[in-house]
Amino acid sequence: APGHVEEIVREKKYMRVIAHQNFNPRLISFITDPMRLYDVQPCEYWSFITSKLDNPSDIWGDVYDQQMSDSQRILLLLVVVNGGDIAELDLFAAYQSYLTTPNATRVQGDADYHRNIQILTGSLLNRTLTKNGDSAFDLFNPSIADFALPRVAADGDLLATLALSLKTKQMIRYLGRSIHFEKIPLATSRAMGSRFSRHILSTGGDTYNAFVEIEMLEIATLQNPNSEETKSAVICLLTKFQTTDKGPTYIAAASPLLRYGVEHELFNIGFIQPFLCDIESDWFDLEDVKELMKLANEMPDDSDQALLLDTFKPLALEVLSGIIDEEIRSQSILDDFLDENDADEAAEMVHTAIAELCVD
């Protein structure tokens, strides 16, 4: 209406719209839609515009529900469930994988990746180039995830299908955080855990995505701890790891599953021992060391606990020693000590630095 146009033209307010960090073609379409302005008086129009600019969740919801095709929703959800950003090669592969699942029967209309991604780019997704020259996508605005996840949070089958299509560490950690902060309902997380367990049982485990599958089953053990399906899947995946040369490299990551197995009496120390073969400190960081020590300390039998501690303590010392060496070098603690007469003072400085690191 002329009154609304006059309000946005006055003092060139439209320039502030263009300069706003959330400026977006979809947003312009929303705030200029006559149907939405029916109850907005011209004197209220600028407040209406600024509220939508600052909090665009209404706009994203309208776009998601009314303006997007099924394929575009799936592409957007893949980016959301991956934590808000993804390499284009991973997105393309995940989308193609999704189209092979039973859920793809829900996808109506044009399913072409390139045409749909072109429509999303610049409105809901940003396309960027990485340092390697590869393309990647992220959400146009983080608030897009705030409306998109609740739209599907009750659909455990859909979320699990998206996760299994992506198979990335970033995805499983995003879902883990979302469950932890109760953004995903308990019933949904249990359904997802069940799907993850069935996936492991049907495939026998995928060592190419070993760390992702470990964290998928960790969700299953937390959400469905007493399920026979969960127990069988844990044994299945860990048994698969035992048969590979890289099995011992997984022991820290798989510590939660190993502890779960011991707690539920699925196996004993004999099952764990193959993971101890030729174990090396270079495979682990400080967080891994913590997991190894947890595994040892939670063994119910003292002799089993001693066996694991005898293996893990030397590894822990090597990892800590490496961290201390690196930290002392990075802090240049010894750079000013050039004379052997300063050795005692230098040793005291190093001792103090080590003490502070150990406290941390």
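## Lysine 240 and its setting

At 28% relative accessibility, K240 counts as partly exposed, a value that falls between the 20% limit for buried residues and the 50% limit for exposed ones. The model discussed here is a predicted one. K240 belongs to helix α14, which comprises residues 228–242. Between the C-alpha atom of K240 and that of V79 there is a separation of 30 Å, the two residues being 161 positions apart along the chain.

## A salt bridge within helix α6

Salt bridges number 17 in the structure, and one of them joins the side chains of D70 and R73, with an N to O distance of 3.0 Å. Both residues belong to helix α6 (residues 70–81), and because they are three residues apart there, about one helical turn separates them.

The two partners fall into separate accessibility classes, since D70, at 24% relative accessibility, is partly exposed, whereas R73, at 19%, counts as buried. The value for R73 is classed in this way because buried means under 20% relative accessible area.

## Salt bridges between separate elements

K167 and D206 form a salt bridge in which the closest N and O atoms are 3.8 Å apart. This pair links distant parts of the chain, 39 residues apart, with K167 in the loop between α10 (156–166) and α11 (169–180) and D206 in the loop between α12 and α13 (210–223). As for their cover, K167 is buried at 15% relative accessibility, while D206 is partly exposed, its relative accessible area being 25%.

A further salt bridge is formed by E291 and R259, whose closest N and O atoms lie 2.8 Å from one another. E291 is part of helix α17 and R259 is part of helix α15 (residues 255–263), so this pair ties together parts that are 32 residues apart in sequence. Both E291 and R259 are buried.

## A network that includes R195

Where in the fold is R195 placed, and which residues share its network of salt bridges? R195 is found in helix α12, which covers residues 186–203, and the network links R195 with R106, D155 and D157. Within this group, the side chains of R195 and D157 are joined by a polar contact of 2.5 Å. With a relative accessible area of 17%, R195 is buried, because this value lies under the 20% limit.

## The enclosed helix α9

How many of the 10 residues of helix α9 are buried? Seven of them are, so this helix, which covers residues 143–152, is largely enclosed by the rest of the structure. The buried residues of α9 are S143, I144, A145, F147, A148, L149 and V152.

## A patch of negative charge

On the surface, D278, E280, D282 and E318 gather in a patch of negative charge.

Methods
Residues numbered from 1 in each chain as written. Predicted model: local features only at pLDDT ≥ 70, side-chain atom pairs only at ≥ 80, totals over all residues. Heavy atoms only, no water. Patch = residues over 30% accessible without salt bridge, like charges linked within 9 Å, V, L, I, M, F, W, Y side chains within 5 Å. Areas by Shrake-Rupley, 256 points an atom, 1.4 Å probe, with all protein chains shown as cover. Salt bridge = Lys/Arg side-chain N within 4 Å of Asp/Glu carboxyl O. Lys, Arg positive; Asp, Glu negative; His and termini not counted. Charge placed at Lys NZ, Arg CZ, Asp CG, Glu CD. Helix = DSSP H or I, 4+ residues; strand = E, 2+ residues; numbered from the N terminus. Buried < 20%, exposed > 50% of the residue type's maximum accessible area, 1.4 Å probe, protein only. Polar contact = N/O pair within 3.5 Å; in protein donor to acceptor, adjacent residues only side chain to side chain.
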